[in-house]
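Here's a quick briefing to read with the model open. Take a look at the chain first, then work through the points below.

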Amino acid sequence: MPILLHFGKTQWASALKLSCVALMVFLACPVNSMDVLVPPQILALNGTDVRIPCAFTSCYKLDPSKFAMNWTYQETSNSTEEMFMTYKNKITPLKSSRFGDRVTFSGNLDKNDLSITILDVQLTDEGIYNCYVRNPPDRIHGHGAIQVLVLTELPPPRDSTIAVAIGASVGGILALLILSMVVVKCIRRHKNQELISDEQKMEEEGKADGEGGTEEATK
């Protein structure tokens, strides 16, 4: 009987250890463990090269034999997606009438970096770029969308002269207001002091008159 009890305790301890390990693995690497990291929007200057970043995090190391990646393009969110680059055992740019040979892979698979670069950006390149990732044994398929806007010229730098002028004007007005308040306060204080002085003189004169009347009555 003691042997059975000891055996039961051993089994219970082993089961507890396995449960703890499973719980730690689950907490460290949940089912939805993949996150795709992309910027929501990129501004590109017409005629230049632009890098569109896409990276992912996963609890599982990238296995080149199982890993898969797709890049697609959409003119709008309601448009059909056009695939122009894929990965299955190797990076493969696909033939595209829109991009031709202007899209290159500029990422690093060892660092989970799936970025691409568009050469000689055109106005027609404006749209939504989708980065799809599959990294078994992750069950979730990662996805990131980037809105690319193509500009014909750089926006003018912000002119701080107006802001400085406005700030100086506001500061000057405040200084004048504070100065006027101080002057008004000083004038009021001076008037109060004059009133107090006049009242004191009147009281002293009244006392003097009272004392003179008393002396005459005594005589």
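A residue counts as buried here when its relative accessible area is under 20%, as exposed when that area is over 50%, and as partly exposed in between. Cys54 has a relative accessibility of 1%, so it falls in the buried class. Keep in mind that this is a predicted model.

**The chain overall**
- The protein chain has 2 helices and 11 strands, and reading along the sequence gives α-β-β-β-β-β-β-β-β-β-β-β-α.
- Of its 219 residues, 23% are buried.
- Take the contacts with a separation of 6 or more: 58% of them link residues 24 or more positions apart.

**Cysteines**
- Searching the whole structure turns up 1 disulfide. Cys54 and Cys131 form it, with their sulfur atoms 2.2 Å apart.
- Cys54 sits in the loop between strand 3 (50-52) and strand 4 (55-57), while Cys131 belongs to strand 10 (residues 127-134), so the pair ties together parts that are 77 residues apart in sequence.
- What's the handedness? The torsion about the S-S bond of Cys54 and Cys131 is about -80°, so this disulfide is left-handed.
- Like Cys54, which is buried at 1%, Cys131 is buried, its relative accessible area being 0%.
- Cys59 is another story: its relative accessibility is 38%, so it counts as partly exposed.

- An open sheet is built from 6 strands in the order 2-11-10-5-6-7, with mixed pairing.
- Strand 2 and strand 7 (91-93) are the edges, since each pairs on one side only.
- From one strand to the next, the twist averages 25°.
- Strand 10, which carries Cys131, is one of the strands in this sheet.

- Strand 2 (residues 41-45) runs parallel to strand 11 (residues 142-151), and 5 bridges join the two.
- Leu45 has Leu151 as its bridge partner in strand 11.
- In a regular strand, side chains alternate between the two faces of the sheet.
- Which residues of strand 2 are on the covered face, and which on the uncovered one? Ile42 and Ala44 make up the covered face, whereas Gln41, Leu43 and Leu45 are on the uncovered face.

- Strand 6 (residues 82-87) pairs with strand 7 in the antiparallel sense, over 3 bridges.
- For Met85, the bridge partner in strand 7 is Pro93.

Definitions and conventions: Residues numbered from 1 in each chain as written. Predicted model: local features only at pLDDT ≥ 70, side-chain atom pairs only at ≥ 80, totals over all residues. Heavy atoms only, no water. Buried < 20%, exposed > 50% of the residue type's maximum accessible area, 1.4 Å probe, protein only. Helix = DSSP H or I, 4+ residues; strand = E, 2+ residues; numbered from the N terminus. Pairing = 2+ DSSP bridges. Contact = heavy atoms within 4.5 Å. Disulfide = S-S within 2.5 Å. Axes fitted to C-alpha atoms, helices over the stretch in contact; angles between N-to-C directions.
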